[in-house]
Structures are given as structure tokens and as C-alpha cells.
Amino acid sequence: MINPIQSAKLRTFESFNFKYGRMEVRAKLPRGDWLWPAVWLLPKQEIYGQWPASGEIDLIEARGNPGITGGADTVASTLHWGPTWQDNHWDQTHDEVSLPKGTGDFVDEWHVFGLFWDEEQLYTYLDTEDNIIMMEKFDESFWDKAKKQHEDWPMDYYNPWQDSKSKSAPYDQEFYIVMNLAVGGTNKYFGDDLPKKPWTSTSKHAVDEFWKARDTWHPTWKGEEADLRVDWIRVWQD
């Protein structure tokens with residue numbers, strides 16, 4: 001079956017890349033079941049190897065579903081890193097923030113999502129710099145950070161950052177910006193325990209199951225409220 005939904009992705013791979021500095025995005029996030037907006041960064045050159053060895057910076061991700069824990073009133077920031085995709089240690093560098101109850105979702109007002117990144121630290125914030133979403137200090141190598149959860153790794157286990165002199169590796173190289181609005185998926189971002197989810201992440205017929213249930217989710221996509229609306233993106237060095 002052809003994927004029933006076509007969404008968009010914009011990236012600056014051929015036009016703009018940067019290493020260290022500050023990035024801010026003023027945006028309204030979408031509301032609607034199974035919508036998945038994201039603003040993130042990927043390495044220009046995978047100098048430490050294939051994903052996630054060369055890193056990924058997720059400034060913001062969100063679920064468009066209203067009324068659920070971790071839904072349209074919540075955003076998350078994440079760093080993806082690890083020697084192999086099986087050893088992606090995103091859970092050690094992940095955090096999220098929710099709007100106060102009764103103040104609406106991220107679709108209702110414009111918000112600024114910020115990133116600060118230098119050779120000593122990387123952190124993200126919401127609206128003001130003191131409202132931190134995720135903070136990561138580069139006070140130990142990512143290899144040492146991973147080893148805390150893998151004391152059973154053999155001495156010769158592959159360390160993709162062993163030749164770097166920086167504790168911030170793989171976040172010591174140029175990255176480019178990606179913006180996209182995805183729908184659904186089978187990577188468990190939308191857990192199977194979510195209410196009214198019409199497909200399972202392990203199903204061989206997930207796309208078909210999703211499409212057959214369109215009368216349950218498509219009415220929740222209401223005009224511009226279902227869009228990822230971006231007013232501006234700014235990148236600069238202090």
C-alpha cells in the first residue's frame with residue numbers, strides 16, 4: 001500500500017551548516033492525532049560513522065494528540081548518540097517540558113524554542129534562556145557516559161570517538177537544520193498504550209490499519225491548527 005499521507009521535510013544540508021552558537025525557532029506546533037512535528041540537526045559529515053555515532057540534536061519533538069500525557073502540551077529535546085544504532089543512548093540525554101495545566105497547547109500561541117551549543121555544553125530552552133528543557137555538560141566523554149550502562153562491554157568494543165581530543169564528540173562538528181512534520185510511524189514514538197491508537201508498532205499492516213481508521217483521526221486535523229507553522233529561524237554566535 002502506498003503511504004496514505006504525504007508530509008514535508010526541509011533541510012539546509014546544501015546551504016547552511018554550523019558548529020557552536022545559538023539557534024532559535026519561533027513556531028506554533030500542530031494539534032491533531034498522530035501528528036509528529038520536529039526541528040532537529042544532523043551532522044554535515046558523518047566523521048564518526050553512521051547514525052547515531054556522529055550524533056543527532058533534536059531541538060524539539062512533539063505529539064499532536066491533545067489530552068494525553070506527553071501530547072500537544074509537551075515538547076521534548078534529545079541527543080542521539082552511540083557506537084551503533086542498537087546502542088543509541090538517547091535516554092541519557094533526553095528531557096521534556098509541559099505547559100501549565102489550563103494554558104492550552106503549543107498550537108495556541110507562538111513560542112520560541114532555543115538551543116545553545118559550545119565546546120563545553122549544549123542546552124535547549126523554551127521562550128527564555130532560564131526555562132531549560134534539556135542540559136548536557138561536556139564534562140566527560142560520551143564513551144565514558146555510555147560505559148556507565150555497559151560495564152560488560154569488552155575492552156576492545158568499538159569506540160567511534162577515541163581519536164577525538166574533545167569530550168564533546170560527536171558534537172564537535174558542523175550540523176545542518178531539519179524541519180519536518182511526520183505522521184504516525186512504527187518506531188514506538190507513539191506507544192501502543194496510547195488511547196485510540198489504530199495500529200501497533202509491530203504490525204506488518206500498520207499503514208493499512210492506520211488508513212482504515214481515518215474517520216477517527218482525520219477530523220482532529222483542523223486547518224492551520226494541524227500545520228507546523230514557523231515564523232522564523234535564527235542562528236548566531238554570541
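Which helix gives the largest share of the lining of the second largest pocket? Helix H2 (residues 206-212) does, with 3 residues. The legends below concern a predicted model, in which local features need pLDDT of at least 70, side-chain atom pairs count only at pLDDT 80 or more, and totals for chains, interfaces and linings use all residues. Residues are numbered from 1 along each chain as its sequence is written, and side-chain values use heavy atoms, with hydrogens and water left out.

**View A. The second largest pocket holds about 230 Å³ of space.** A pocket is an open set of points on a 1 Å grid over the protein atoms alone, where a 1.4 Å probe fits, with protein on both sides within 12 Å along at least five of seven lines; lining residues have an atom within 4 Å of a point. Grid points are joined across faces, edges and corners, and a volume is the space filled by probe spheres set on the points. The lining includes Asn3, Pro4, Ile5, Trp199, Ala206, Val207 and Phe210. By class it has 7 nonpolar, 5 polar and no charged residues (nonpolar: Ala, Val, Leu, Ile, Met, Phe, Trp, Tyr, Cys and Pro; charged: Asp, Glu, Lys and Arg; polar: the others, Gly among them).

**View B. The largest pocket has a volume of about 740 Å³.** It is lined by 29 residues, of which Trp36, Glu61, His80, Asn187 and Tyr189 are the closest to its centre. Two or more lining residues come from each of the strands S3 (35-43), S4 (56-61), S5 (74-80), S6 (94-98) and S10 (175-183). Helices (H or I, at least four residues) and strands (E, at least two) are DSSP runs, numbered from the N terminus. S5 contributes the most, 5 residues. The lining of the largest pocket is made up of 11 nonpolar, 11 polar and 7 charged residues.

**View C. An open sheet of 6 strands has the order S1-S10-S3-S4-S5-S6, with antiparallel pairing.** Two strands pair if DSSP finds at least two bridges between them. Strand S1 (9-11) and S6 are the edge strands, each pairing on one side only. On average, neighbouring strands of this sheet are turned by 15° against each other, direction ignored (axes are lines fitted to C-alpha atoms, and angles run from 0 to 180 degrees between N-to-C directions). S3 and S10 run antiparallel and are joined by 9 bridges. Tryptophan 40 stands opposite valine 178 in S10.

**View D. A further open sheet has 5 strands in the order S9-S8-S7-S2-S11, also with antiparallel pairing.** Strands S9 (132-137) and S11 (229-236) are at the edges with a single partner strand each, so one side of each has no neighbour in the sheet. The twist averages 10° from one strand to the next. Strand S2 (residues 21-28) is joined to strand S7 (residues 111-117) by 7 bridges. Arginine 22 stands opposite phenylalanine 116 in S7.

View E. Proline 170 is in the loop between helix H1 (142-147) and S10.
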